[in-house]
Amino acid sequence: MAGLITPWNYPLSLITLKLAPALVAGCPLVIKPAAETPLAARMLMDAVAAAGAPAGVVNLVTGGAETGRALVDHPLVAKVSFTGSTAVGRVSTTSPPTCG
């Protein structure tokens, strides 16, 4: 599973730039937008469902730094695509990333 974490600026554009490659690679994914912009991601989820994506392939979680940290640290998340500030990236990572 891949985790896609995006900032508040250009929320829909950045999500779609991450979403397409993950789907092409066959990865189920969890999108975590910035806490300030959850509606853009919610609208995208409606479009994904309307396009016929199977349930559980594209998922959405919302929240702040705690949610991002939980996504990064979750044992089922093998890859994380993070766009944001260095400071937020450091806070969100409590352990070194693993690939697998």
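Modeller: Let's settle on strand β2, residues 29-32, which runs parallel to β3 and is joined to it by 3 bridges. Strands here are DSSP runs of E with at least two residues, helices are runs of H or I with at least four, and both are numbered from the N terminus. Two strands pair if DSSP finds at least two bridges between them. Before going on, keep in mind that this is a predicted model: local features need pLDDT of at least 70, side-chain atom pairs count only at pLDDT 80 or more, and totals for chains, interfaces and linings use all residues. Residues are numbered from 1 along each chain as its sequence is written, and side-chain values use heavy atoms, with hydrogens and water left out.

Now check the two faces of β2. In a regular strand, side chains alternate between the two faces of the sheet. Leu29 and Ile31 sit on one side of β2, Val30 and Lys32 on the other, and all of them are buried (under 20% relative accessible area; exposed is over 50%, partly exposed in between, with a 1.4 Å probe and protein chains only).

Step back to the whole sheet. It's open, with 4 strands in the order β3-β2-β1-β4 and parallel pairing. The edges are β3 (58-60) and β4 (79-82), each pairing on one side only. Neighbouring strands are turned by 20° against each other on average, direction ignored; axes are lines fitted to C-alpha atoms (for helices, over the stretch in contact), and angles run from 0 to 180 degrees between N-to-C directions.

What covers the sheet? Helix α2, residues 38-50, packs on it and touches β2 and β3, making about 155° with the direction of β3. Touching means contact, that is, heavy atoms within 4.5 Å. Helix α3 (65-73) lies across β1 (2-5), β2 and β4, at about 155° to β1.

β1, α1 and β2 make a right-handed β-α-β unit. From β2 the chain then crosses through α2 to β3, and this crossover is right-handed too. Right-handed means that, with the strands pointing away from you, the path from the first strand over the helix to the second runs clockwise.

While you're on α2, find Arg42 and Asp46, 4 residues apart, about one turn of the helix. Their side chains meet in a salt bridge at 2.9 Å, N to O; the term means a side-chain nitrogen of Lys or Arg within 4 Å of a carboxyl oxygen of Asp or Glu. A search of the whole structure finds 1 salt bridge. Arg42 counts as partly exposed at 40% relative accessibility, and Asp46 does as well, at 43%.

One last stop is Tyr10, in the loop between β1 and α1 (11-24). Tyr10 isn't a glycine, yet it has a positive phi of about 55°. With a relative accessible area of 65%, Tyr10 is exposed.
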